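Subject: Structure for your files

Hello,

I am passing on the structure we discussed, with notes on what turned up in it. Please look it over before reading on.

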Amino acid sequence: MQQSPESQVKSSSAVLDVRGLAAPDNILAILKKASELPNGSTLEFVIESNPFQLYDLLQQRGYVLEMLPQNDGTFLGKAKARDRDAGH
């Protein structure tokens with residue numbers, strides 16, 4: 001898992017590159033990193049395919065997921081914690 005140099009990193013973002021990790025290790029790495037985020041931060045990650053099961057897994061943990069297809073066939077994911085003070 002390496003930092004993706006081509007991603008634009010903001011101060012409130014973490015970037016995770018899980019290309020090359022087999023399932024379920026790629027999903028587990030994303031879930032672990034998301035759980036370590038400070039409140040209000042965004043996790044950006046690069047993955048080889050659209051991980052449909054990740055939408056529900058992150059939603060159950062209080063995150064919103066946006067997946068963006070990239071020109072090289074990979075996907076850029078953006079997971080952000082829902083406002084914990086607003087309730088569900």
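The notes below go from the sheet to the helices, the core and a few local points.

The model is predicted, so please read everything here as computed from that model.

Sheet

Four strands make up an open sheet of mixed pairing, in the order S1-S2-S4-S3. Strand S1 (13–17) and strand S3 (63–69) are at the edges; each has a single partner strand, so one side of each lacks a neighbour in the sheet. From one strand to the next the twist averages 20 degrees.

Strand S4 (residues 75–81) runs antiparallel to S3, and seven bridges join the two. Across this pairing Glu66 stands opposite Lys78, and Leu68 stands opposite Leu76. S4 is also antiparallel to S2, with six bridges between them. Here Leu76 of S4 is the bridge partner of Val46. Five of the seven residues of S4 are buried, so this strand is largely enclosed by the rest of the structure.

The hairpin of S3 and S4 has five residues between the strands. Gly73 in this hairpin takes a positive phi near 95 degrees.

Helices

Helix H1 (residues 25–35) lies across S1, S3 and strand S2 (42–47), and runs at about 165 degrees to S2. Helix H2 (residues 52–60) also packs on the sheet, where it touches S2, S3 and S4. The direction of H2 makes about 155 degrees with that of S3.

Which residues of H1 are buried? They are Asn26, Ile27, Ala29, Ile30, Leu31 and Ala34. These buried residues pack against S1, S2, S3 and H2.

Core

The largest nonpolar core has 20 residues. Those with the most contacts inside it are Ile30, Leu43, Phe45, Ile47, Leu54 and Leu58. Each of S1, H1, S2, H2, S3 and S4 supplies at least two residues of this core, and H1 gives the most, with five residues.

Not counting residues up to four places away in sequence, Ile47 touches Val18, Arg19, Asn26, Ile27, Ile30, Met67, Thr74 and Phe75. Of these, Asn26, Ile27 and Ile30 are among the buried residues of H1.

Loops

Two points in the loops may be worth a look on screen. In the loop between S1 and H1 sits Pro24. A cis peptide bond joins Ala23 to Pro24, with omega about 5 degrees.

The other point is Ser41, in the loop between H1 and S2. Is Ser41 buried or exposed? Its relative accessibility is 10%, and buried means under 20%, so Ser41 counts as buried. Leaving aside neighbours within four places in sequence, Ser41 is in contact with Ser12, Ala79, Lys80 and Ala81.

Regards

Methods:
Residues are numbered from 1 along each chain as its sequence is written. This is a predicted model: local features need pLDDT of at least 70, side-chain atom pairs count only at pLDDT 80 or more; totals for chains, interfaces and linings use all residues. Side-chain values use heavy atoms; hydrogens and water are left out. Two strands pair if DSSP finds at least two bridges between them. Axes are lines fitted to C-alpha atoms, for helices over the stretch in contact, and angles run from 0 to 180 degrees between N-to-C directions. Contact means heavy atoms within 4.5 Å. A nonpolar core is a set of buried Ala, Val, Leu, Ile, Met, Phe, Trp, Tyr and Cys residues joined through side-chain atoms within 4.5 Å. Buried means under 20% relative accessible area, exposed over 50%, partly exposed in between (1.4 Å probe, protein chains only).
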